[in-house]
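Subject: Structure handover

Dear colleague,

Please find the structure below, followed by notes on what was found in it.

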Amino acid sequence: SSDIRKFSRPVHIHKDHVSAVMDVSFSPTGMEFATGSYDRTVRLFKHNEPRSYNVYHTKRMQRIFCARFTADAKFVLSGSDDTNIRIWKAKANQNLGQAMPRQQANADYSEKLLQRYKHAKEIRRIVRHRHVPTAILKASLKKREMDAAEQLKEDRRIKHAKEGAIKKVPARDKPIVKEME
């Protein structure tokens with residue numbers, strides 16, 4: 001995502017999909033967005049975080065061609081290659097319908113505990129964990145391995161070249177779209 005005042009350099013590079021992203025839809029609040037991908041997942045990202053905070057998938061779902069937030073930002077709609085439209089809750093852990101006062105107090109307390117101990121290693125691991133299909137998990141591990149190999153290759157090129165001959169360019173400074181004349 002980019003800052004509108006400076007499009008030449010992105011603020012964040014959002015990563016998690018292992019195939020092409022086909023659609024991006026911002027929520028009405030503008031604080032999060034949904035993406036649909038060829039890897040058969042719908043992912044929700046916060047605008048200021050590089051990793052997705054929620055992943056939606058089903059066993060029979062095919063490639064996602066569109067993903068949209070509803071006007072009240074409570075649901076995400078996805079359209080896939082299998083000619084189905086699926087409705088997902090934007091906040092997967094929230095119950096639908098009216099909550100009793102006791103249930104609401106319990107949810108508020110759980111949220112406060114999470115905010116208080118979010119720095120703890122075990123809590124971060126639990127919060128970050130998302131179940132994804134085996135094929136996507138294997139593809140993401142392979143992609144991570146390829147990225148590490150590319151980074152190592154670049155580091156070795158810089159190390160063995162003349163000093164200053166090759167400059168390391170951060171990912172945010174690399175061109176996003178090739179400019180055509």
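**Contacts and overall form**

Of the contacts in the chain between residues at least 6 apart in sequence, 40% join residues at least 24 apart; a contact here means heavy atoms within 4.5 Å. This is a predicted model, in which local features need pLDDT of at least 70 and side-chain atom pairs count only at pLDDT 80 or more, while totals for chains, interfaces and linings use all residues. Residues are numbered from 1 along each chain as its sequence is written, and side-chain values use heavy atoms, with hydrogens and water left out.

The chain holds 3 helices and 9 strands, taken as DSSP runs numbered from the N terminus (helices H or I, at least four residues; strands E, at least two). Read from the N terminus, the order of elements is β-β-β-β-β-β-β-β-β-α-α-α. The radius of gyration is 20 Å, well over the 16 Å that the globule rule gives for 181 residues, so the chain is more spread out than a compact globule. That radius is taken over C-alpha atoms, and the rule is 2.2 Å times the number of residues to the power 0.38. Along the principal axes, the C-alpha atoms fill a box of roughly 70 × 45 × 40 Å.

Buried residues account for 22% of the 181 in the chain (buried is under 20% relative accessible area, exposed over 50%, partly exposed in between; 1.4 Å probe, protein chains only). The accessible surface is about 14,400 Å², with 54% of it belonging to carbon and sulfur atoms (Shrake-Rupley method, 1.4 Å probe; for residues, only the protein chains shown count as cover).

An open sheet of 4 strands has the order 3-4-5-6 and antiparallel pairing, where two strands pair if DSSP finds at least two bridges between them. Strand 3 (21-26) and strand 6 (54-56) are at the edges with a single partner strand each, so one side of each has no neighbour in the sheet. From one strand to the next the twist averages 20° (axes are lines fitted to C-alpha atoms, for helices over the stretch in contact; angles run from 0 to 180 degrees between N-to-C directions). Strand 4 (residues 32-37) pairs with strand 5 (residues 42-46) over 5 antiparallel bridges, and G36 has V42 in strand 5 as its bridge partner.

**The hairpin of strands 8 and 9**

Strand 8 (residues 75-80) is joined to the antiparallel strand 9 by 5 bridges. G79 has I85 in strand 9 as its bridge partner. The two strands form a hairpin with 4 residues between them, and T83 in the turn has a positive phi of about 60°.

Regards
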